[in-house]
Amino acid sequence: MLYRYARLISHALAHSQRGGLFFSSAGADMSINKASGADDASKQLRFQAAASHTRGLSGLINTILVISSVMYLILLMLYLVSPESVWPWVTGNFMAAMWVCAASLQCARRISRWREQQLAPAIATVAETAAQQNPAGFSQRLLSRPWMRPVLRYVDAHVFFQAFPALAALLLIALLWQLPLPASDAGEAGIIAGVIFILCAFAVLVLERHWTLKNPLEWPEAAKLAAIMRMMIGVFLLSALALMFARGASGWPAHLLMLTGLLPGLVALELFLRALMAMFSPPREDKEPEFIAGSLLAAQICWPPRPLQFVQNELHQHFGIDLRQIWAFHFMRRALLPLGALLLLTGWLLTGISEVPLTQRGIYESFGKPVAVRQPGLHAGLPWPFGRTLRVDNGEVHELTTGSEEAATVGAVAVADTAEGPAPESANRLWDSGHSSDKSQIIASAANDRQSFQIMDMDVRFVYRIAMNDDAAMASLYHTENMPVLIRSIANQVLVHDFSSRTLDSLLGSEQTRLAADIGRKVQSQLDHLNSGVELLATVIESIHPPAGAADAYHSVQAAQILAQSAIAGEKGQAAQQLNAAQQFARLALDAASAKNHENRDQAQVMALRFNAENQAYQTGGQSFLTGRYFSQLTLAMQQHPKVLIVDHRIGSGTPPVLDLRNFTLPFTPGADKAAHSVKAETTR
């Protein structure tokens, strides 16, 4: 009913324009005179088609909201179930692109509604009555709040409706970039999804062509909306290409999906900045709103791309600057092709100058033929593709193991070990632990008088480099495609052939240095025979891990040997201790006897000297010497024994004297007790 009423009003407006009538409304003054110009005709066309534009844009916005809501639930499930697959990236890119389209369509719908209200005030009155009877939507209720009225006086509502979807799209793209790089294998579902996306891109292409061919006088915003649709088509096609070629270990589809998110992300950033800039221009009710949701980046998605012409048109339209009237720009346009050709020629000639770093050597090829080996530095030659310089190592030393250490460390995360913490797992060298650098070898064995074999693990490392002469550098580049694979293959052949003739006893008892030198000599001989240009600097046998049974037996033998050696060392120590003690005792006895001998000899010499002296004195002095000697000995005795008993020979002339020896003690001397008893007995008698 409202649509019919709007069509009647539009026909009345058309007849009034032809008749020279004047039409006015509450929102704007629209005068249609008999001598109307192109501006009046364009206003008439876009105001009359405003109702149909509003209905079409509303349908597209509602469809985008429904699809984005469903895709949001799908994205949540995919994020929880398989965040490392390609599907969260595909879903997130589509959601961001649809939110950007919704922001642009919302801005265009607002302008169409304004035109519709200005054209048919009666329809607006009926719509207001219907709005009073029916409750408004959430957004209308939010904008009608009292606290929102001061904000809406300076900032138009469509700024928020443009800023929020653009900001949400930016946040979604940022969340996707925090996810790990998706796995590239999409399977059969990728082909099906790619076909569906191509069909969706074709549908959007139809809409884009319709808006591109739209008359600018009828709908000025159609061309800018078409640019947004081209952005949507680009997202569909790039995602379909990435999904259809996501197979196996190919990594470029995942990177393509990641770069696809940049397209809606950059457009969303531009729309968000435009919304922020629109906050500085307060809305006016009597002026037609401007379409601020156009994207300069999306407008560049066309063929052929003409960015300079686009910038020139924008400057002429907004600032009135016509670059075609400026002589300098005209001269630059004429000199652009010659100057560009000169720059391209100079750049092409500069490709003949090559730089060889210090750690490498360069092999110069002229027309595909190697000519010379260049040392580090700058060198000049023919430009590409007539001449080029290939690089090889210049004395760089490499280490290679016969095991799969390199393959095992791919994708491993390096974790720093603390000084106080436990030892890292790489330092565990026990025989019962697995080592990725070890290589299993078969050796000969004899069990129960029968020939057999045993398997043991060895860690053999080769230190090599490309020889320093020119022939070796060319041989390493042209005769070998993968140097580590070649060395490992030859080393494994040599190890298998060498250890097949060895037994466990001979291997464990042999010297590892001599064994490593023998292996290195054989490997170098094979490399020289193939003219590989490789020079082995060292061959190192890090460890030999026997089989489990042999390891246990070897442990027992080692333990017995250690116990025997410790017992022998203990007995040797005890014997040495006893020998040292005996030597010490003998030395002490010998020293004591020698000292006693010297003392006795000295005493004898002293006594002999004293005897000779006294004899000479007696010969000279006679009785006087004896008397003097008597008194000296008496004096010495009295000094040593102060308690002296003096007996006068005159007492008891006829009777022998009686001595009281109860208070007299003699000094203790050997045999003193016997002497005392004898003296006492004599005295008693």
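Helix 18 (residues 483–499) and helix 20 (512–529) have axes that come within 9 Å and cross at roughly 125°. Here an axis is a line fitted to C-alpha atoms over the stretch in contact, and angles run from 0 to 180 degrees between N-to-C directions. That angle makes helix 18 oblique to helix 20, because angles under 35 degrees count as roughly parallel, over 145 as roughly antiparallel, 65 to 115 as roughly perpendicular, and the rest as oblique.

A word on the model and its numbering. The model is predicted, so local features need pLDDT of at least 70 and side-chain atom pairs count only at pLDDT 80 or more, whereas totals for chains, interfaces and linings use all residues. Residues are numbered from 1 along each chain as its sequence is written, and side-chain values use heavy atoms, with hydrogens and water left out.

Stepping back, the protein comes to 23 helices and eleven strands. These are DSSP runs numbered from the N terminus, with helices (H or I) of at least four residues and strands (E) of at least two. Of the 685 residues, 31% are buried, where buried means under 20% relative accessible area, exposed over 50%, and partly exposed in between, using a 1.4 Å probe and protein chains only. Among contacts with a separation of 6 or more, 72% link residues 24 or more positions apart.

Another helix pair is helix 4 (residues 87–119) with helix 11 (residues 252–260), whose axes come within 9 Å and cross at roughly 25°. That makes helix 4 roughly parallel to helix 11, and their crossing is left-handed. W89, V90 and N93 of helix 4 make the contact with L257, M258 and T260 of helix 11. Four of these residues are nonpolar, two are polar and none is charged.

Three strands form an open sheet in the order 5-4-7, with antiparallel pairing; two strands pair if DSSP finds at least two bridges between them. Strand 5 (369–374) and strand 7 (387–393) stand at the edges with a single partner strand each, so one side of each has no neighbour in the sheet. From one strand to the next, the twist averages 30°. Strand 4 (residues 360–366) is joined to strand 5 by five bridges, and I363 stands opposite V373 in strand 5. Helix 17 (residues 470–478) lies across strands 4, 5 and 7, running at about 75° to strand 4.

F367, in the loop between strand 4 and strand 5, has a positive phi of about 55° although it is not a glycine. F367 counts as exposed, at 61% relative accessibility. N531 also has a positive phi, near 55°, and is found in the loop between helix 20 and strand 11 (534–545). N531 is partly exposed, with a relative accessible area of 41%. Finally, the peptide bond from W384 to P385 is cis, with omega near 5°, and P385 lies in the loop between strand 6 (377–380) and strand 7.

Methods:
Left-handed = near helix turned anticlockwise from the far one by under 90°. Contact = heavy atoms within 4.5 Å. Nonpolar A, V, L, I, M, F, W, Y, C, P; charged D, E, K, R; others polar.
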